[in-house]
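Subject: The structure, and some notes on it

Hello,

Here is the structure I promised to pass on. Have a look at it first, and then read my notes alongside.

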Amino acid sequence: WNLNSVRLRDSELGAIVNRDLSKRIRSVNGITNHRQVARNDMKLCASIINNFDNRSGLWQIDGEQPNSEKTYGVVSRNPILHNITDFLIEEASAEEEELLGENAACEPEDNTEKDLQLFKALDKMLLYLRIVHSVDFYNHSEYVNEDEMPNRCGIMHARCALPSNPPTQQEITDYCHNFQTKANSLTVSTLHEVSEKELIQLGAKNEEEEIEKFVTSNTQEISKDKWLCPLSGKKFKGPEFVRKHIFNKHIDKLDDVKKEVKYFNNYLRDLKRPQLPEHPGSKQGRKDVNDAPQSYPPAIVDKKFNFNEKKKKKR
């Protein structure tokens, strides 16, 4: 409470007490315990691990190409990814059943030895992502700068038991598709950089223009040949003297303007910035016939009708 009364440069500290997490391990949909979903998660996990390892320079030797075989689009020396092909061999049979239209309810699968090995290998990959790269796989999110957070490795999502009603093949396919769509950002090696043209369209600020606006707003004319600088309260004979005074005596204020411009432009360059969803009206698409404005036929005026005669009758 004592820190809340302290102010730094007209700003409150807003100190808070970090409470212990009440629920560190949080469960997700039980469909994740299905064999086909687990294989799809393992394949996606391998892509994410390979992407983050390459980004961090892990398991790489300078000037030497990896000798590991290419496994589902992944080439890595990471021992976590070794021999994962053995668990993904039966993926083709599931795709074949889907093409044949067999969308009946899937029978509950027995916990055979191979299934236990599959989930054991998948759990190793999940823990590797969570501990090494701060990626919560089932929450499809990356905790950036987790070392600076009060709770390191504080939250992790895990599988729960299979639902009592076995999921259908269509439900499994939809879940895998939706999950992969949400986790695609974790598999992209290089994010698309915003071009200068796109920055201008988004409303990027120019440093020189913002400085000129700042100087102009702090140059006030009091009377003839008398100008005021509101930053210091001093008066000058002309605006050029106020400008010179600001650049000499208020460099810190100009630096703040430059920092704000840089901060705002970096915010526009960040593809993960919070932003409002796209307006439905801006999406291009074929309009429905019922949505089109109704066209009425033009009014037909009888030429034989005499307006003057009607006015005489009213009189």
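This is a predicted model: local features need pLDDT of at least 70, side-chain atom pairs count only at pLDDT 80 or more; totals for chains, interfaces and linings use all residues.

Residues are numbered from 1 along each chain as its sequence is written, and side-chain values use heavy atoms, with hydrogens and water left out.

**The chain**

The chain holds ten helices and nine strands. These are DSSP runs numbered from the N terminus, helices being H or I over at least four residues and strands being E over at least two. Of its 315 residues, 27% are buried (buried is under 20% relative accessible area, exposed is over 50% and partly exposed is in between, with a 1.4 Å probe and protein chains only). Contact here means heavy atoms within 4.5 Å. Of the contacts between residues at least 6 apart in sequence, 66% link residues at least 24 apart.

**Helices α1 and α4**

Helix α1 covers residues 35-56 and helix α4 covers residues 169-182; their axes come within 10 Å and cross at roughly 15 degrees. Axes are lines fitted to C-alpha atoms, for helices over the stretch in contact, with angles from 0 to 180 degrees between N-to-C directions. That angle makes α1 roughly parallel to α4 (under 35 degrees is roughly parallel, over 145 roughly antiparallel, 65 to 115 roughly perpendicular, and the rest oblique). The crossing of α1 with α4 is right-handed, a term for the near helix being turned clockwise from the far one by less than a right angle, with anticlockwise giving left-handed.

On the α1 side, Q36, V37, N40, D41 and L44 take part, and they meet Q169, I172, Y175, C176, F179 and Q180 of α4. By type, the residues of this contact are six nonpolar, four polar and one charged. For these classes, Ala, Val, Leu, Ile, Met, Phe, Trp, Tyr, Cys and Pro count as nonpolar, Asp, Glu, Lys and Arg as charged, and the others, Gly among them, as polar.

**Helices α7 and α9**

Helix α7 (residues 207-217) and α9 have axes that come within 10 Å and cross at roughly 140 degrees, so α7 is oblique to α9. This crossing is right-handed too. From α7 come E207, E210, I211 and F214, and from α9 come K253, L254, V257, K258 and V261. The α7 and α9 contact has five nonpolar residues, no polar ones and four charged ones.

V261 deserves a separate look. It sits in helix α9, which spans residues 251-269, and V261 is buried because its relative accessibility is 5%. Leaving out residues up to four places away in sequence, V261 touches K205, N206, E207 and E210. V261 and E208 are 53 residues apart in sequence, yet 9.8 Å apart in space from C-alpha to C-alpha.

**Around Y128**

N78 is in the loop between α1 and α2 (91-99), and it is buried, with a relative accessible area of 0%. The side chains of N78 and Y128 make a polar contact at 3.1 Å. By polar contact I mean a pair of N or O atoms within 3.5 Å; within protein, one must be able to donate a hydrogen and the other to accept it, and residues adjacent in sequence count only if both atoms are side-chain atoms. Beyond four places in sequence, N78 touches I49, D53, W59 and Y128.

I80 lies in the loop between α1 and α2 and is partly exposed at 25% relative accessible area. Setting aside neighbours within four places, I80 contacts I49, K124, M125 and Y128. I80 and K124 are 44 residues apart in sequence and 7.1 Å apart in space, C-alpha to C-alpha.

H133, in the loop between α3 and β4, is buried at 8% relative accessibility. Again not counting residues up to four places away, H133 touches F52, D53, S56, L58, Y128 and E142.

**Two positive phi values**

S134 has a phi near 55 degrees, positive although the residue is not glycine. S134 belongs to the loop between α3 (113-132) and β4 (135-136) and is buried at 13% relative accessibility. D225, also not a glycine, has a positive phi of about 60 degrees. D225 is in the loop between β7 (220-223) and β8 (226-229) and is exposed at 54% relative accessibility.

Best wishes
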